[in-house]
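Work through the following exercises with the sequence and the model side by side. Try each task before reading its solution.

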Amino acid sequence: MRLSRRALLAATTAATALSSAPPASAAPHRHLRTGFERLSADGYTLLNGQRVGIVTNPTGITRDARHIVDVMHADPRVNLVAVFGPEHGFRGTAQAGGSEGRYDDPATGLPVYDTYLKSGQPLADVFTASGVDTVVFDIQDVGARFYTYIWTLYDCMEAAQVAGKRFVVLDRPNPVTGRSAEGPVLHKEFATFVGREPISQAHGMTVAELARLFNGEFLTAPVALDTVLMTGWRRADFYDASALPWVPPSPNMPTPDTALVYSGTCLFEGTNLSEGRGTTRPFELLGAEGIDGRWAAAANELGLPGVHFREAYFAPTFSKFQGKTVGGVQIHVHDRAAYDPVRTGVGLLVTAKRVWSGFAWRSDNWIDKLTGSPQVRTAIDAGAGVDDVVAGWRQELAAFRRTRKEYLLYR
């Protein structure tokens, strides 16, 4: 079954030159071109004769910071008829756990449909009602399994297949590199919108690579898929190498520095500590009432690569501890090539539990949904150190890395 699925996947993506791997000649000058840049430079031929809908948000921009919906709507070569908004909405007006609903976009007059928390037949019905032939996806990811846009991608691919629609993914960089996959792998019984399928916590892939992985490994039936790849991107590149403007993919992802730490420190959403929401440094500041400098000292004693921890005090303007001054740590990454965000996140959980008697997991065990199983929580509760916690996912991670390798498209 797997071989035939991969053969079908290869057949559906070989039809267009834009879907091929980036040419070797792109490497020396290192000028990155996104999937959208390549699509538009080719005159949108991949979309000829199609009624097009696009799944996007404020990150779907050109190099000169114009939104691609505005650009495509104004171009007579594209028959753009609908927009589909994810969590936070197409124009980005909603906070975490919210969306914009159904409305007509004031700038273009296009109907905007809400995809948030829709999947399967209900989402397929949205695509059918919109009248599109092809669904295009262009959203900036941040490289973590629990960032919901990759599962919007998954749900939209599945729904497009059910509705008989073609699916096109326009690739963008993984801002924290695509060097490696790290962290625990999701167990299917813990599947939610922060993790539909068994991939690692930091996946080290682009959205086009993930789309091919989803199509080849996880979807019940593969969708008719095309991927428009980047040129000039290498797996070791951080976001600043792209020379692209950064648009926060969500309200609490203000900078690429946030993305760098997020795949580890988002785990604090599963605890009673603040993960820094309501500050100017979400996911870099962590803390709670009653924590003092002992936490930063304990974290520094771990000798985690590429990072220092500073005793910090802050007062969140919303979310946990709103309006209260709390103590904790600020993460300072000094060598991002050596830094391991998932191991760092585990180290911070281990030390927080050791030095602060008030430490607690969220009562709904949300930490298990974030890590993908009870393994991390139960190991830390049993007093395990960082090495022992990490060892608990090593075999599953090795298996995922082998699968992942088959879908990597860049060097």
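This is a predicted model: local features need pLDDT of at least 70, side-chain atom pairs count only at pLDDT 80 or more; totals for chains, interfaces and linings use all residues.

**Exercise 1. Classify the ring pair Trp151 and Phe214, and say where in the chain its two members lie.**

Solution. A pair of aromatic rings is described by the distance of the centres and the angle of the planes. Rings count as a pair if their centres lie within 6.5 Å, and by this rule the count comes to 16 aromatic pairs. For Trp151 and Phe214 the centres are 5.2 Å apart and the planes stand at 25 degrees, so this pair is stacked, given that planes under 30 degrees apart count as stacked. Turning to the chain, we find Trp151 in helix H6 (residues 149-163) and Phe214 in helix H7 (residues 207-218), so that the pair links parts of the chain that are 63 residues apart. Both Trp151 and Phe214 are buried.

**Exercise 2. Classify the ring pair Phe268 and Trp295, and decide whether Phe268 is buried or exposed.**

Solution. The ring centres of Phe268 and Trp295 are 5.9 Å apart and the planes make 50 degrees, so the pair is tilted. Phe268 belongs to the loop between helix H8 (256-265) and strand S10 (285-288), while Trp295 belongs to helix H9 (residues 294-301), which places them 27 residues apart. Because buried means under 20% relative accessible area, Phe268, with a value of 0%, is buried, and Trp295, also at 0% relative accessibility, counts as buried.

**Exercise 3. Describe the sheet of seven strands, name its edge strands, and find which helices pack on it.**

Solution. Begin with the order of the strands, which is S3-S4-S2-S1-S5-S6-S9 in an open sheet with mixed pairing. The edge strands are S3 (103-104) and S9 (224-228), each of which pairs on one side only. Finally, look at the helices. Helix H5 (residues 120-130) packs on the sheet and touches strand S1 (51-56), strand S2 (79-85), strand S4 (111-114) and S5, with its direction at about 155 degrees to that of S2. Helix H6 also packs on the sheet, touching S1, S5, S6 and S9, and its direction makes about 155 degrees with that of S6.

**Exercise 4. Describe the sheet of three strands, and explain why strand S12 is largely enclosed.**

Solution. The strands form an open sheet in the order S10-S12-S11, with antiparallel pairing. S10 and S11 stand at the edges with a single partner strand each, so one side of each has no neighbour in the sheet. From one strand to the next the twist averages 25 degrees. S10 and S12 pair over four bridges, and strand S11 (residues 307-314) pairs with S12 over eight bridges. Val329 in S12 stands opposite Leu286 and also opposite Glu311, while Gln330 in S12 stands opposite Arg310. Six of the eight residues of strand S12 (residues 326-333) are buried, so S12 is largely enclosed by the rest of the structure. To complete the picture, helix H10 (residues 341-355) lies across S10, S11 and S12, running at about 50 degrees to S11.

Terms used. Residues are numbered from 1 along each chain as its sequence is written. Side-chain values use heavy atoms; hydrogens and water are left out. Rings of Phe, Tyr and Trp (its six-membered ring) pair if their centres lie within 6.5 Å; planes under 30 degrees apart count as stacked, over 60 as edge-to-face and the rest as tilted. Buried means under 20% relative accessible area, exposed over 50%, partly exposed in between (1.4 Å probe, protein chains only). Two strands pair if DSSP finds at least two bridges between them. Contact means heavy atoms within 4.5 Å. Axes are lines fitted to C-alpha atoms, for helices over the stretch in contact, and angles run from 0 to 180 degrees between N-to-C directions.
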